[in-house]
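Here's a quick tour for anyone meeting this protein for the first time. Have a look at the sequence and the structure, then read on.

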Amino acid sequence: ITTLINHKDKTKKSDKTLQAIQRVGQAVNLAVGRFVKVGEAIANENWDLKEEINIACIEAKQAGETIAALTDITNSNHAESDGQITIFTDKTGVIKAARLLLSSVTKVLLLADRVVIKQIITSRNKVLATMERLEKVTSFQEFVQIFSQFGNEMVEFAHLSGDRQNDLKDEKKKAKMAAARAVLEKCTMMLLTASKTCLRHPNCESAHKNKEGVFVRMKVALDKVIEIVTDCKSNGETDISSINIFTGIKEFKMNIEALRENLYFQSKENLSMTLEVILERTEDFTDSAYTSHEHRERILELSTQARMELQQLVSVWIQAQSKKTKSIAEELELSILKISYSLNELKKELHSTATQLAADLLKYHADHVVLKTLKLTGVEGNLEALAVYACKLSEQKEQLVETCRLLRHVSGTEPLEITCIHAEETFQVTGQQIISAAETLTLHPSSKIAKENLDVFCEAWESQISDMSTLLREINDVFEGRRGEKYGYLSLPKPMKNNANLKSLKPDKPDSEEQAKIAKLGLKLGLLTSDADCEIEKWEDQENEIVQYGRSMSSMAYCLYLFTRGEGPLKTSQDLIHQLEVFAAEGLKLTSSVQAFSKQLKDDDKLMLLLEINKLIPLCHQLQTITKSSLQNKVFLKVDKCITKTRSMMALLVQLLSLCYKLLKKSETN
């Protein structure tokens, strides 16, 4: 649509331009047709929204057909002489149709979104209803039947909430959803063993306490998912950023730096109060029993220094408001730089304190001695030893919870801060549940189910320790400016072991001319994927190997097209190269399938098909060579070559799919 609206009105129109515009129009109409089919299918399944969705689908279809009609200019010269309206005679018509299309598509998406939300809420309600039955169950046979149903409902809920998590654009909500879903996933196994233990030992208080803890945590997690999906905050929920020191320092620095532009931007009192709130939060570090004496002294020293430097800044600020001299302006700049430096030093000290404490703690508890001993005391039925090691686990839990609180302050991003909160809650709850599970086993040392139950809770603890190690690494990455390197895309292959040739792919930004060239190449690639999809749709047997490889290649090529627009799952040149390697490999697999198919054909047809295959094979090898080649600091050149080669391969793919389909039909009729 953007291409059609932005195309330049030239008096002289080449055949190539006319064909390109017509293909763009057809591609839009085809895409709208597919979109409408999905919309209508959703409408048929949801009677309460059927009328609204169908109206929006009709509008979208009409707009798509209008765009196709206005761009149908193969015989442009004849059309204009005959008075036919085209994009060249009525560009406003295309603009109106595009607006209607975007409006109606948005309506369908919003209505479909309501359907998805309703599905998730319905699924949650089913899970809750089954959980209530599980809580009241009194026999093993009944429990097995209900738990089987519960398992199926949890799988459905996991799929729906997982799809929603992938669709979320807000990283903060994404992290909250991931945390809630992690709780549900781990608690499902806990619920099984905790419930079985309760049924085996119905009069054991610690077993009931253990089970209740699991049910409560799962209900909270289910509610959290619904809050995120419906965008509603629970009562009393506070904004987490209000207690994050790093966020406070960032905002404070922005405020003092604004004084360079506007001396009356805010009051001195407001600035002083903001700093005091930040320094008050550092008491979480200085008051902690786990902070070393050296770190505590350094934090207090830097806090005092920041206060003094703010006083100096305020003094110069007052002078600058009355005197507009160069020396005062320089003094103000110096004061701003000094306090910024002090706050940066404070950030470093806080980060060092929290991460060093976390690293030491993880190292110290890596062997899980306390958990192993608790299991042993349980099997031995040693209540005295249980009391001693339960106390030790409680101490370990408090250390980990405190460390998570400190890590929250230095997490650097909201998603990581949410992960810290999740870790804190997990240690808090799981610690108590391990103790109740260990108590049950100690009271019933020969009980296999009680032992299995304790093992499950201990595994959850060990898993969270491992997750905390990953979290610590990510916090360090953000602090040191390495954020982004660790984030992979599930649809992409893993990086190669020997990826030295990719060092040259650090983004050196292309200039506007290069960007325009890549965008133009990408558009042609996008149109070819549309052509390939049209050919694929002709095939009755969609499970045919040739169709599957063709669809896979078309899908990857579409991702490359999105990359040229700065969209889609491919974010860096390295992602692009990884995808192209898979694309080339898929092309070779396609040629093997086509060769196998050619053996069923008569000699003339077989020769015709093999000639086409022999064009594609060298292109696949050439693309593989380009992706492996090293072009020092010439990222654009490499990307340009790759996309050009991919375009040639896609053009051949379209021809191959068409030829294979015709030859298949011909062989079926003979």
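What percentage of the 670 residues in the protein is buried? The answer is 46%. Keep in mind as you browse that this is a predicted model.

## The overall build

If you go looking for strands, you'll find zero, while the helices number 22. Take the contacts between residues at least 6 apart in sequence: 77% of them link residues at least 24 apart.

In soluble globular proteins, nonpolar side chains tend to be buried together. Here, the largest nonpolar core has 101 residues, and the members touching the most others are F150, M218, F252, L407, F427 and I434. Helix α17 (residues 448–479) is the top contributor to this core, giving 13 residues. Since domain 2 (120–230) and domain 3 (245–358) both supply residues to this core, it lies between them.

Zoom in on I434: setting aside neighbours within four places in sequence, I434 is in contact with L371, L374, L393, L454, F457, C458 and W461. Apart from this core there's another one, made of 46 residues, including A584, L601, L616 and L659.

## A buried lysine

Now for K211, which sits in helix α8 (residues 205–230). K211 is buried but has no salt bridge. E135 is the nearest side chain of opposite charge, 6.3 Å away.

Which residues is K211 in contact with, leaving aside its neighbours within four places in sequence? They are L134, E135, A194, S195 and C198.

How values were computed: Residues numbered from 1 in each chain as written. Predicted model: local features only at pLDDT ≥ 70, side-chain atom pairs only at ≥ 80, totals over all residues. Heavy atoms only, no water. Core = buried A, V, L, I, M, F, W, Y, C linked by side-chain atoms within 4.5 Å. Buried < 20%, exposed > 50% of the residue type's maximum accessible area, 1.4 Å probe, protein only. Helix = DSSP H or I, 4+ residues; strand = E, 2+ residues; numbered from the N terminus. Domains from an automatic or database assignment. Contact = heavy atoms within 4.5 Å. Lys, Arg positive; Asp, Glu negative; His and termini not counted. Salt bridge = Lys/Arg side-chain N within 4 Å of Asp/Glu carboxyl O.
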